[in-house]
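Student: Could you walk me through this one? I have not looked at it before.

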Amino acid sequence: MKRSDNINTTSKKYKITPLFWKTIVFIAFLSFVASFMVMNDYLPSPSVANASDPAALEEDATNTSSDDLTASETPVAEPIVEPVIVSEPAVATASAFIPKISDEYNLFATSAVIGDSRSEGLMLYSGIKEATDYAIKGLNLKSVFSNKFIYTPNGGKTTILEDMKLRTFDKVFISFGLNELGWSSKLYIDKYAELINAIRQSQPDAKIYIQSTFPINPDKCKFNAEQNQRILVMNQLLEELASSMENVYYLDLTGPFTGDNNAIIDAASSDGIHLNKKHCIIWFNHIKEKLKQMELPIYQISMAGIDGTEMVGQQIEVQAK
């Protein structure tokens, strides 16, 4: 009997009442409602709820991978604005406008060389590689119009003037006078002018350079000393011709090859007429130096003049003829 009373007492102590079950059901219902509201954005997510907590934000950012971010959630960096530095304008000086001419400046690109056996030697020995070669032994101011010695692509031959119609040159160098020593001055100049006008038909923009005729050495060739006086007159006429025509220039090249007796120096020629290889190179270099002096373009300067007056924006053309 005593043991039975103890059992009943224990049952009454652990008896589950209806209120307990109601409490359990109510808590479960609240949990379900809260979960539903979070999933449908009725309540803030944990990351937003903890926005006021810096530690929580740092932890949430660490646990969030880039794959979890949508396009709308991807952070956009603020543009970096570089500071603008305004410098003082540079002061132009005269030296800034003067072009520097390199020794390697190619003055013979897209050029043509027309002449007799002397020019033939120039093309063979001076080192000119880019210029078109229109020089041949025996050519003169008459045969230049009819002599067909220029090879064509189909294997034929044509004249200089016909071949020039197929090309474009910016410079044309002409040298005639040796084979014309027996001509009258009028015939010589008339045929020279005729050749220049014919070239101008196919090369309207080219600069045409008339080269002076070198003297001869009467001690080494068939010509006599009087021919050198004749050559002086011819060169003077060539200079006048160049001055009378547009975009035509005279090149006085006799200096390095002429001695005190107005004849070609012994060291320059073995036959008294044609320049040797060394002096063909000197000839070529002399042409280049002349062109460098003549082809300085127009440039503007801003500086004080020699007398102290201001010269601003004036144009200066450096040109020698």
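Student: OK, what is the mean pLDDT of the protein?

Tutor: The mean is 75, and 63% of the residues reach 70 or more, pLDDT being the predictor's confidence in each residue, from 0 to 100.

Student: And where is confidence lowest, and where highest?

Tutor: Confidence is lowest in strand β8 (residues 299–304), at a mean of 32, and highest in helix α8 (residues 185–202), at 98. The names number helices (DSSP runs of H or I, at least four residues) and strands (DSSP runs of E, at least two) from the N terminus.

Student: Over which residues does pLDDT stay under 50?

Tutor: Residues 1–12 are one such stretch, and there the model has zero contacts beyond four places in sequence, a contact meaning heavy atoms within 4.5 Å. Residues 45–74 also stay under 50, with nine contacts beyond four places in sequence. Where pLDDT is low, the predicted coordinates should not be read in detail.

Student: Changing topic, how many helices and strands are there?

Tutor: The protein has 10 helices and nine strands. Five strands form an open sheet in the order β2-β1-β5-β6-β7, with parallel pairing; two strands pair if DSSP finds at least two bridges between them.

Student: Which strands stand at the edges?

Tutor: Those are β2 (132–135) and β7 (248–251), each of which has a single partner strand, so one side of each is left without a neighbour in the sheet. Neighbouring strands of this sheet are turned by 20° against each other on average, direction ignored, where axes are lines fitted to C-alpha atoms, for helices over the stretch in contact, and angles run from 0 to 180 degrees between N-to-C directions.

Student: What does β7 pair with?

Tutor: Strand β6 (residues 207–211) pairs with β7 in the parallel sense over four bridges, and Q211 has L251 in β7 as its bridge partner. Helix α10 (residues 277–294) packs on the sheet, where α10 touches β5 (171–175), β6 and β7, and the direction of α10 makes about 130° with that of β7.

Student: Staying with α10, which of its residues are buried?

Tutor: Among them are W283, F284, I287 and L291, buried meaning under 20% relative accessible area, exposed over 50%, and partly exposed in between (1.4 Å probe, protein chains only). The buried residues of α10 pack against α6, β5, β6 and β7.

Student: How far apart are the end C-alpha atoms of α10?

Tutor: They are 26 Å apart, which agrees with the 26 Å that its 18 residues should span at 1.5 Å a residue, the expected span being 1.5 Å times one less than the number of residues.

Student: Last topic, where is N247 found?

Tutor: N247 is found in the loop between α9 (226–244) and β7, and its phi is near 60°, a positive value in a residue other than glycine. N247 is partly exposed, with a relative accessible area of 23%.

Student: And N262, is that buried or exposed?

Tutor: N262 counts as buried, at 18% relative accessibility. N262 lies in the loop between β7 and α10, and its phi is near 65°, a positive value in a residue other than glycine.

Notes. Residues numbered from 1 in each chain as written. Predicted model: local features only at pLDDT ≥ 70, side-chain atom pairs only at ≥ 80, totals over all residues. Heavy atoms only, no water.
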